[in-house]
Amino acid sequence: MALRKGRFFRDEVDRSENPNYLQRKIEILLKELAFPSQIKKWLDFGCGAGASTLIFLRCGATDVNGG
């Protein structure tokens with residue numbers, strides 16, 4: 001599987017095994033973009049395995065859809 005997916009395979013494994021892998025980066029990005037905290041419905045475009053979706057829920061979203 002690693003041969004077929006290449007370097008993205010390792011990233012996907014890290015995202016699913018370590019819940020903090022992307023969380024800090026996403027929190028910084030949301031802060032830099034001044035993302036309004038009252039927005040609770042989010043779209044995780046290109047969600048892959050859904051690791052970012054879980055992070056969005058931990059960051060305050062209440063309704064996250066993947067696409």
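Predicted model: local features only at pLDDT ≥ 70, side-chain atom pairs only at ≥ 80, totals over all residues.

User: Is Cys47 buried, exposed or partly exposed? And what about Cys59?

Analyst: Buried needs a value under 20%, and exposed needs one over 50%. Cys47 comes out at 24%, and Cys59 has 26%. Both values fall in between, so the label for Cys47 and for Cys59 is partly exposed.

User: How many disulfides does the structure hold?

Analyst: To count, two cysteine sulfur atoms have to lie within 2.5 Å. By that rule, the number of disulfides here is zero.

User: Okay, on to the rings. How are the rings of Phe35 and Trp42 arranged?

Analyst: A ring pair is described by the distance of the centres and the angle of the planes. The count here is two aromatic pairs. For Phe35 and Trp42, the centres are 5.0 Å apart and the planes sit at 75 degrees. Planes over 60 degrees apart get a name of their own, so this pair is edge-to-face.

User: How many residues make up the largest nonpolar core?

Analyst: Trp42 and Phe56 are in it, along with Leu22, Ile26, Leu30, Ile55, Ala61 and Val64. Helices H3 (23-32) and H4 each supply at least two residues of this core. The total for the core is eight.

User: Which residues does Val64 touch, leaving out those up to four places away in sequence?

Analyst: Val64 belongs to that largest nonpolar core. Its list of contacts includes Trp42 and Phe56, which are core members too.

User: Which residues of helix H4 are buried?

Analyst: Helix H4 covers residues 51-58. Just after H4 comes Gly60, with a positive phi of about 120 degrees. Within the helix, the buried ones are Ala51, Ser52, Thr53, Ile55 and Phe56.

User: Last one: is Gln23 buried or exposed, and what does Gln23 contact beyond its neighbours within four places?

Analyst: Gln23 is found in helix H3. Its relative accessibility is 11%, so Gln23 counts as buried. Beyond those sequence neighbours, Gln23 is in contact with Ile55 and Arg58.

Key: Residues numbered from 1 in each chain as written. Heavy atoms only, no water. Buried < 20%, exposed > 50% of the residue type's maximum accessible area, 1.4 Å probe, protein only. Helix = DSSP H or I, 4+ residues; strand = E, 2+ residues; numbered from the N terminus. Phe/Tyr/Trp six-rings, centres within 6.5 Å; stacked < 30°, edge-to-face > 60°. Core = buried A, V, L, I, M, F, W, Y, C linked by side-chain atoms within 4.5 Å. Contact = heavy atoms within 4.5 Å.
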